[in-house]
Amino acid sequence: METSLRYGGDSKTLRIHAKEKIPISPNSICQIQGELDTKLGAPTFVHGLIRYFHPGLSANLGVGLRYNKRDKLHYHVRGKKAFPVTADGLFNFNVKGRCNIDEELKQFDYSAATEFVWSIFDVKKSQDVRIKVGYDVLAKTSYMQVRENNWTFNLDQNRRWNVRYDL
């Protein structure tokens, strides 16, 4: 199980996030995740997703259900396609999108983004870094992410930020 501590600039609340990936087949997993708000002592969301990976296309598709304290139950669909920029596959251009649909199938919430992702292995012994710079096409917002082994820092052009530490 992957567990992380998350702190965001908007909520200024420490959250505990957990994710479990259960293999279904060589190219599919069942992914279950949830988050606990430590200030309220209550879950902020629970999410179950079936993900299919197509290695030949460098693409994946996920379909599942999401329950959160604010909007209740949603159906969730997401996909991503990676286009290698370098032959070693360490620098990629990604196109990704997602759609949340409410339980009455009346409200649709979309997002679509493009991003460059650069993975740098062994910057120092046992230290890997990933730098991601992207643009959310529908929200018209640029963002960046820097990840170093267990630490992740996210920032967008609206000065929203969060820090994550994977336990």
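A hairpin links strand 5 to strand 6 through 3 residues. Strands here are DSSP runs of E with at least two residues, numbered from the N terminus. The model is predicted, so to speak of local features takes pLDDT of at least 70, side-chain atom pairs count only at pLDDT 80 or more, and totals for chains, interfaces and linings use all residues. Residues are numbered from 1 along each chain as its sequence is written, and side-chain values use heavy atoms, with hydrogens and water left out.

Strand 6 also forms a hairpin with strand 7, this time with 6 residues between them, and glycine 89 in that turn has a positive phi of about 75°. Here's how the pairing looks (two strands pair if DSSP finds at least two bridges between them):

| Strands | Sense | Bridges | Residues standing opposite |
|---|---|---|---|
| 6 and 7 (residues 91-102) | antiparallel | 11 bridges | histidine 76 and asparagine 100 |

Now for the surface. A nonpolar patch there has about 910 Å² of accessible area together, and its residues include Leu5, Tyr7, Trp161 and Val133. Strand 1 (2-8), strand 2 (14-25), strand 10 (141-148) and strand 11 (151-156) each supply at least two of its residues. Patch residues have over 30% relative accessible area and no salt bridge, with nonpolar side chains (Val, Leu, Ile, Met, Phe, Trp, Tyr) joined within 5 Å and like charges within 9 Å. A salt bridge puts a side-chain nitrogen of Lys or Arg within 4 Å of a carboxyl oxygen of Asp or Glu. Areas come from the Shrake-Rupley method with a 1.4 Å probe, and for residues only the protein chains shown count as cover.

Valine 133 sits in strand 9 (residues 127-136). Valine 133 counts as partly exposed because its relative accessibility is 47%, between the cut-offs for buried (under 20%) and exposed (over 50%).

Key: Helices (H or I, at least four residues) and strands (E, at least two) are DSSP runs, numbered from the N terminus. Buried means under 20% relative accessible area, exposed over 50%, partly exposed in between (1.4 Å probe, protein chains only).
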